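This briefing is intended to be read beside the sequence and the three-dimensional structure. Please keep both in view while working through the points.

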Amino acid sequence: MKIIIVGGGISGLSAYLSFKKYLKTGTHTISIYEKHHSQLNATSTTNDGETTTSTFEELSSSGAIVGGGLGVSPNGMRILKELSLDLHDAVDKQGFRAEQFVFRSSRGWRLSSQPTSDRRIEDGEEVCVASSRHGLWQCLRDEVARVDKDILRYRKVIGVEMGDEAGSRRPRVLFEDGEEEEADLVVGADGVKSIVKDAIFGDVDAFKPVYEGMIGVGGFLPNSSLPPLPPCDANSMVFTFGPNGFFGYSPSSPDTTMWWSTCEAENIPATTRISTSDMQSQLKAHHEKWKDPTIKAIIQKADVESIYPVWTTPELPHWGKGGVILVGDAAHGLNPTSGQGSSQAMEDTKTLAILLERFMNQTNAGGRTHEQALSLPEAIDRTIRVLYEVRNQRIDKIVQRTKMMSNRKKEQGFVEEMVTCFFLWLIGKVPAAGKLVVGDVLKELYRWDVYAEIEIALKKLELDG
Ligand SMILES: Cc1cc2nc3c(=O)[nH]c(=O)nc-3n(C[C@H](O)[C@H](O)[C@H](O)COP(=O)(O)OP(=O)(O)OC[C@H]3O[C@@H](n4cnc5c(N)ncnc54)[C@H](O)[C@@H]3O)c2cc1C
């Protein structure tokens, strides 16, 4: 089978490693195409020290905004470990093991804390690893290069022609350099503004990414430049909520602290130019009266290094057809507040590879006689249908839960602010009450059994396993 992966981000690289791990039936040729050569942080600065401005569209699609930090939660860390122990350990080592989430109020109150460990429900233990996005991506890229150093190729995909659903015409990928390539399966791992998604759904407004009116800003500072944390907040990711926004920080490597905040920017037309210095002023105005000495130090010293406009994907009626499938942000761009962007992307690609192997096993290549065997397009079509059935419900739950938290990051009146504080205090003091409101988050997120979910989906779709 010939597989083309469009996009060499977290989803694309983990899709490749998952195919290598799970896809045993038949022989396969896999290619990954990525449009950006380098994804290093690159906030542009003019000679006189003023940061340049860019349009919203330029920023949203630019490789120059590589984002700041993210958390790989225990479910993501377990997938990394399954892919390769070396990969898992490399991510762990370059990042920071955040053993607890600490929730604070801008008024200086420590409201509650929550362990990130999955020890309560799983064998062994994983915790949330805080990392720069670049650090996680670099570890995946190194692991992919260890398997095949030439597999990741830098070419921009400008379109995809769909295969037909009967399987008589294969999908075709079109490149900026004028070349074209056919494959049996095209995996759209090309992020929230996915061109592969456009090929599947066409120009339908209901399926286009939605701008959430918020811009995530962030950066990194040496730990040595910040005041020491109180012992109760050591080894933590700290989330502080105030009447006029949100601020988060956490070490992201043994010697660096990452910080992030959100600036509201409603209804910015594509032509409006935004600048990092404006973001910087907004940040100071928002947080300078906040009590936490670490936040005070960060906003005094930090430059806005990354700008990440928050786009999400509306729920899609399916994730593919005709030999083309979406994974990761292309299928379900999540609000970063979920803390699950990279982990859910890896769950998608693991599920995709397991399903593909399962249905490949029902083709001739899996040893079935001609009468019993699925054709290759049938095996791919079943994979696509079952993947959606297995994954979409899980993503929807995460989206619903994230909406609750995300609203608390926007500007709030006094009453709303106190409700937020009370809620965050309550989940610490009376965990059962928290579970009643948001469910048993740790259990739901970390105890998700892909094999059991596949069985449920096969039954529902009345397909043979
Ligand atoms: C620049 C950037 C900054 C980010 N910053 C943050 C952040 O600060 N916080 C956070 O929580 N999440 C951030 N994310 C999102 C986070 O990485 C994802 O939620 C998660 O890792 C899932 O990733 P993904 O691989 O599905 O999508 P992405 O990480 O978006 O990766 C998609 C990849 O596809 C490539 N691509 C896109 N179009 C094409 C094309 N036409 N041809 C070839 N290649 C293409 C992109 O260059 C990119 O490498 C960022 C993503 C990007 C791309």
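The notes below treat the chain as a whole and then turn to its core, its helices and selected residues.

The model is predicted. Its chain averages a pLDDT of 86, and 89% of the residues score at least 70. There are 15 helices and 21 strands in the chain, and 45% of the 465 residues count as buried.

**Confidence and overall organisation**

- Over residues 39-52 the pLDDT stays under 50, and for this stretch the model has 22 contacts beyond four places in sequence.
- Among contacts in the chain with a separation of 6 or more, 76% join residues 24 or more positions apart.

**Nonpolar core**

- The largest nonpolar core contains 100 residues.
- Helix 10 (residues 341-360) supplies the largest share of this core, with nine residues.
- In soluble globular proteins, nonpolar side chains tend to be buried together.
- The residues with the most contacts inside the core are Val 6, Val 186, Val 187, Val 196, Ile 325 and Val 327.
- Val 6 is in contact with Val 186, Val 187 and Val 196, among others, when neighbours within four places in sequence are left aside.
- The other contacts of Val 6 under that condition include Tyr 33, Val 157, Val 173, Gly 188, Ala 189 and Asp 190.

- Helix 1 (residues 10-22) has 13 residues and reaches 18 Å from its first C-alpha to its last, close to the 18 Å expected at 1.5 Å a residue.
- Helix 1 is mostly covered, with eleven of its 13 residues buried.
- Helix 5 (residues 133-147) has 15 residues, which should span 21 Å at 1.5 Å a residue; the end C-alpha atoms are 22 Å apart, which agrees.
- Arg 133 and Glu 143 are among the buried residues of helix 5, as are Gly 135, Leu 136, Cys 139, Leu 140 and Val 144.

**Packing of helices 3 and 4**

- Helix 3 (residues 74-83) and helix 4 (residues 85-94) pack with their axes 5 Å apart and at an angle of about 140°.
- The two helices, helix 3 and helix 4, are therefore oblique to each other.
- From helix 3, the residues Met 77, Leu 80, Lys 81 and Leu 83 meet Leu 85, Leu 87, His 88 and Val 91 of helix 4.

- Cys 421 is located in helix 12 (residues 414-429).
- Cys 421 is buried, because 21 other C-beta atoms lie within 10 Å and the cut-off for burial is 20 or more.
- Between Cys 421 and Phe 103 there are 318 residues of sequence separation, yet their C-alpha atoms are 8.9 Å apart.
- Leaving aside neighbours within four places in sequence, Cys 421 contacts Ser 105, Trp 109 and Leu 111.
- Gly 339 is in the loop between helix 9 (329-332) and helix 10.
- Gly 339 has 25 C-beta neighbours inside 10 Å and so counts as buried.
- Gly 339 touches Gly 71 and Ser 73, not counting residues up to four places away in sequence.

**A partly exposed loop residue**

- Ile 121 belongs to the loop between strand 7 (110-115) and strand 8 (128-132).
- Ile 121 counts as partly exposed, because it has 13 C-beta neighbours inside 10 Å.
- Ile 121 and Tyr 446 are 325 residues apart along the chain, and their C-alpha atoms are separated by 7.8 Å.
- Besides Tyr 446, Ile 121 touches Leu 442, Lys 443 and Arg 447, not counting residues up to four places away in sequence.

- Helix 15 (residues 450-461) has twelve residues and reaches 16 Å from its first C-alpha to its last, close to the 16 Å expected at 1.5 Å a residue.
- One of the twelve residues of helix 15 is buried, so this helix lies largely in the open.
- Glu 462 follows helix 15 and has a positive phi, near 55°.
- Glu 462 is exposed, with 6 other C-beta atoms within 10 Å.
- Asn 235, which is not a glycine, has a positive phi of about 55°.
- Asn 235 is found in the loop between strand 14 (210-222) and strand 15 (236-242), and its 16 C-beta neighbours inside 10 Å make it partly exposed.

Definitions and conventions
Residues are numbered from 1 along each chain as its sequence is written. This is a predicted model: local features need pLDDT of at least 70, side-chain atom pairs count only at pLDDT 80 or more; totals for chains, interfaces and linings use all residues. Helices (H or I, at least four residues) and strands (E, at least two) are DSSP runs, numbered from the N terminus. The expected span of a helix is 1.5 Å times one less than its number of residues. A nonpolar core is a set of buried Ala, Val, Leu, Ile, Met, Phe, Trp, Tyr and Cys residues joined through C-beta atoms within 7 Å. Two residues are in contact if their C-beta atoms, placed from the backbone, lie within 7 Å. pLDDT is the predictor's confidence in each residue, from 0 to 100. Axes are lines fitted to C-alpha atoms, for helices over the stretch in contact, and angles run from 0 to 180 degrees between N-to-C directions. Angles under 35 degrees count as roughly parallel, over 145 as roughly antiparallel, 65 to 115 as roughly perpendicular and the rest as oblique.
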